[in-house]
Amino acid sequence: AARVRVIGQTVASPGMTFITAKGRDPVAYRGAIGAAIAALPQRDRDLLGLRGIVPLPETAYDIALPDRPA
C-alpha cells in the first residue's frame, strides 16, 4: 500500500446508497454512520475523503455513466 498513489480524479458524484429493510426508518442508521465518521481521527477522514452523510433525492443519481474504457 505504501506504493499506491493517486494518478487522477473524477468529478464529484453521489456515493453508494445506504439501504435498509423496507419499512425501517433510515434516520437512526444515518445518525449512526454519521457518528462513526465523526469519531474517526481527522487524518483518517481526510485520507478516506469522508466528511459526513448527506441525504440526497433520488434524482441526484440521474447522471450519465462515463464512456466505456477503450
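Visitor: Is Asp44 buried, exposed or partly exposed, and which relative accessible area does Asp44 have?
Guide: This is a predicted model, in which local features need pLDDT of at least 70 and side-chain atom pairs count only at pLDDT 80 or more, while totals for chains, interfaces and linings use all residues. Residues are numbered from 1 along each chain as its sequence is written, and side-chain values use heavy atoms, leaving out hydrogens and water. With buried meaning under 20% relative accessible area, exposed over 50% and partly exposed in between (1.4 Å probe, protein chains only), Asp44 is partly exposed, at 23%.

Visitor: Which residue forms a salt bridge with Asp44?
Guide: A salt bridge is a side-chain nitrogen of Lys or Arg within 4 Å of a carboxyl oxygen of Asp or Glu, and the structure holds one. The closest N and O atoms are 3.9 Å apart, and the partner of Asp44 is Arg43.

Visitor: How far from Arg45 is the nearest side chain of opposite charge?
Guide: Lys and Arg count as positive and Asp and Glu as negative, with His and the chain ends not counted. Arg45 is buried and has no salt bridge; the nearest side chain of opposite charge is that of Asp46, at 5.8 Å.

Visitor: Which residue has its backbone oxygen 3.4 Å from a polar atom of the side chain of Arg45?
Guide: Leaving aside neighbours within four places in sequence, Arg45 is in contact (heavy atoms within 4.5 Å) with Ile37, Ala38, Leu40 and Leu50. The backbone oxygen at 3.4 Å belongs to Leu40.

Terms used
Polar contact = N/O pair within 3.5 Å; in protein donor to acceptor, adjacent residues only side chain to side chain.
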